[in-house]
Structures are given as structure tokens and as C-alpha cells.
Amino acid sequence: MGYMVISSSLNPDSKSRLLARAAFHTLQNMGASVQWLDLAERSEAEWRPDLTLGHVVDLYMREKGPLLSPRWRQQIETQAQLFREAWGRDLPVMAIDQTLVDNYVDSRRTGRLTPTKGRTRGVRDGTINAEFRSLKVVFNWGRKRRRPNGRPLLTGNPLDGLTWP
């Protein structure tokens, strides 16, 4: 089991930051697998308002990935790659709409979009549903995730109100 200690205080001398650092060192000294995440050390570019699909997925995988089981982490990475391939890594998250969803669904059903090169067989609706549910989890994480200024990383989930199989 691994641990992640997160410091979100912007004040370098805050009590919460000192306690988080102490917890990190204690776990390290006990031989535990532990990661340190200090949001104050993040670049401003990571918190810009025009977040892209690739950027949000990368942040999710960096912060949540170590806490996921290897199987779930691999599944998220594979599914995220499909969405990046279909829509582009630089697509602003809030630009995702029903047309993009419909095109993705069609590409997956017909086999034009597959995780394995050379495979041309389409997938069933249950697989497509699972892929969108995973993406929705990533975006919901982004809604709960706070920027250093206190605002949410994402103001909403672009998949809310959209339909897929």
C-alpha cells in the first residue's frame, strides 16, 4: 500500500505544511511507500483556466495514479489514450459536446478507433459506456480539485447532460 502526502498551503511556514512534511518523513522512516505533493511548487501553467483534455488527464494520473491499483491505472491510461486519439490532446475540456461524443461512439462501434493497431473489430456499447464513465470520474475529480487560489480546477463536468450508450 502506498501513501501520498499533499500540502496545499501557499504559506511555507503554515502549520498544515509543517505537519504534512512531518507525516511524510515519518512514513518514509517507517519504510512505507510514500509520495510528496506540494501544490505551491506547481507551475501556474498547471492551473490555467483553458485546461485541455491531455492536461486534465495528465494531472489526474500524476496525482491519483499512484493511489490506483495497477489494473485500474492501466485501464484509465488506455481509455484516456483513445479519447486523446479521437479528440486531440489539446481539446479544451469544456468544448466537449454531444457531436464529439457521437463521433467517438461511432468510431468505437465500427472499429475505426481501437487501442491496438491492426485491430478493426468494433466494441459493444457496454465497453463504450465504461470508457465514458471512466472519463467522467476524471472530470469529477477535476471539479473537486482546487487550484492554489481556491477555485476548482474545472467549473463543471462537460459530460453532464450528454448521452452515450
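**Loop, rings, core and cavity**

Modeller: G88 sits in the loop between helix 3 and helix 4; helices are DSSP runs of H or I with at least four residues, numbered from the N terminus. This is a predicted model, where local features need pLDDT of at least 70, side-chain atom pairs count only at pLDDT 80 or more, and totals for chains, interfaces and linings use all residues. Residues are numbered from 1 along each chain as its sequence is written, and side-chain values use heavy atoms, with hydrogens and water left out.

Colleague: Is G88 buried or exposed, or partly exposed?

Modeller: Buried means under 20% relative accessible area, exposed over 50%, partly exposed in between, with a 1.4 Å probe and protein chains only. The relative accessibility of G88 is 24%, so the label is partly exposed.

Colleague: Which residues is G88 in contact with, leaving aside neighbours within four places in sequence?

Modeller: Contact means heavy atoms within 4.5 Å. By that rule, G88 is in contact with L53 and F83.

Colleague: How are the rings of F83 and W87 arranged?

Modeller: Rings of Phe, Tyr and Trp (its six-membered ring) pair if their centres lie within 6.5 Å; planes under 30 degrees apart are stacked, over 60 edge-to-face, the rest tilted. Here the centres are 5.1 Å apart and the planes at 45°, so F83 and W87 are tilted.

Colleague: Which parts does the pair of F83 and F132 tie together?

Modeller: This pair is edge-to-face, at 5.1 Å centre to centre and 70° between the planes. Both F83 and F132 are buried. The two residues are 49 apart in sequence, so the pair ties together helix 3 and helix 5.

Colleague: Which residues have the most contacts inside the largest nonpolar core?

Modeller: A nonpolar core is a set of buried Ala, Val, Leu, Ile, Met, Phe, Trp, Tyr and Cys residues joined through side-chain atoms within 4.5 Å. The largest has 31 residues, and those with the most contacts inside it are W87, I96, F132, F139 and L159.

Colleague: What is the volume of the largest cavity?

Modeller: A cavity is a set of points on a 1 Å grid over the protein atoms alone, where a 1.4 Å probe fits but cannot get out; lining residues have an atom within 4 Å of a point. The lining of the largest cavity includes F83, E131 and L135. Volume is the space filled by probe spheres set on the points. For the largest cavity that gives about 60 Å³.

How values were computed:
On a 1 Å grid over the protein atoms alone, a cavity is a set of points where a 1.4 Å probe fits but cannot get out, and a pocket is an open set with protein on both sides within 12 Å along at least five of seven lines; lining residues have an atom within 4 Å of a point.
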